[in-house]
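Hi everyone, thanks for coming.

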Amino acid sequence: MDRLKRLIADPRRAQIAVLACLLVYGTVFRNFVLTPLAIPLALGTALLVEHLIFRFRKEGRPRPPYESALISGLSSLLLFRSTEPWAYVAVAGFAVASKV
């Protein structure tokens, strides 16, 4: 029961689940144009940019919430359309970096 309360306590986790389900639904049933390499590249870039931005901030701040980077990465995959994986990398990186 405590585990369920912790999961529900942070609404970003539910948002990540919904965005991931929409991405799977879109790629399977709605034929979103996504190369297989675009998804891990975009999500990895979003997490890497978040990590790098946090690393160069002042010391003493708590660990950054990587949920926010995942939300930005998934949203960029849902909203942006390209056939080039590098374009998804650029969009996900800009999405995360613009929140600083």
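A quick word on what you're looking at. This is a predicted model, where local features need pLDDT of at least 70 and side-chain atom pairs count only at pLDDT 80 or more, while totals for chains, interfaces and linings use all residues. Residues are numbered from 1 along each chain as its sequence is written, and side-chain values use heavy atoms, with hydrogens and water left out.

Okay, the overall picture. What pattern does the chain follow along the sequence? It reads α-α-α-α-α, with 5 helices and 0 strands. Helices here are DSSP runs of H or I, at least four residues, strands are runs of E, at least two, and both are numbered from the N terminus.

How much of the chain is buried? Of the 100 residues, 30% are. Buried means under 20% relative accessible area, exposed means over 50%, and partly exposed is in between, with a 1.4 Å probe and protein chains only.

Now contacts, meaning heavy atoms within 4.5 Å. Take those with a separation of 6 or more: residues 24 or more positions apart account for 67% of them.

Let's go inside. The largest nonpolar core has 17 residues. A core, for us, is a set of buried Ala, Val, Leu, Ile, Met, Phe, Trp, Tyr and Cys residues joined through side-chain atoms within 4.5 Å. Leu23, Leu34, Leu74, Leu77 and Tyr88 are the ones with the most contacts inside the core. Which helices supply at least two residues each? That would be α2, α3 (38–55), α4 (66–79) and α5 (85–97). As general background, nonpolar side chains in soluble globular proteins tend to be buried together.

Click on Leu74 if you have it open. Leaving out residues up to four places away in sequence, Leu74 touches Ile16, Leu19, Ala20, Leu23 and Leu43.

Then there's Ser76, in helix α4. Ser76 counts as buried because its relative accessibility is 7%. Val96 sits 20 residues from Ser76 along the chain, and their C-alpha atoms are separated by 9.9 Å.

On to the aromatic pairs: the structure holds 2. Rings of Phe, Tyr and Trp (its six-membered ring) pair if their centres lie within 6.5 Å; planes under 30 degrees apart are stacked, over 60 edge-to-face, and the rest tilted. Tyr25 and Phe29 have ring centres 5.4 Å apart and planes at 40°, so that pair is tilted. Both lie in helix α2, 4 residues apart, about one turn of the helix. Tyr25 is partly exposed at 39% relative accessibility, and Phe29 is exposed at 58%. The other pair is Phe80 and Tyr88: centres 5.4 Å apart, planes at 85°, so edge-to-face. Phe80 is partly exposed, at 28%, whereas Tyr88 is buried, at 1%.

Together with Val24 and Val28 they make a nonpolar patch of about 420 Å². Patch residues have over 30% relative accessible area and no salt bridge; like charges are joined within 9 Å, and nonpolar side chains (Val, Leu, Ile, Met, Phe, Trp, Tyr) within 5 Å. The chain exposes about 6,900 Å², and carbon and sulfur atoms supply 68% of that. Those areas come from the Shrake-Rupley method with a 1.4 Å probe, and for residues only the protein chains shown count as cover.

And the salt bridges? A salt bridge is a side-chain nitrogen of Lys or Arg within 4 Å of a carboxyl oxygen of Asp or Glu, and the count comes to 2. Asp10 pairs with Arg12, the closest N and O atoms being 3.1 Å apart. Arg13 meets Glu67 at 3.6 Å, N to O. Arg13 is in helix α2 and Glu67 in helix α4, so this pair ties together parts that are 54 residues apart in sequence.

Last stop: Asn31, in the loop between α2 and α3. Its phi is near 55°, a positive value in a residue other than glycine, and Asn31 is exposed, at 60%.
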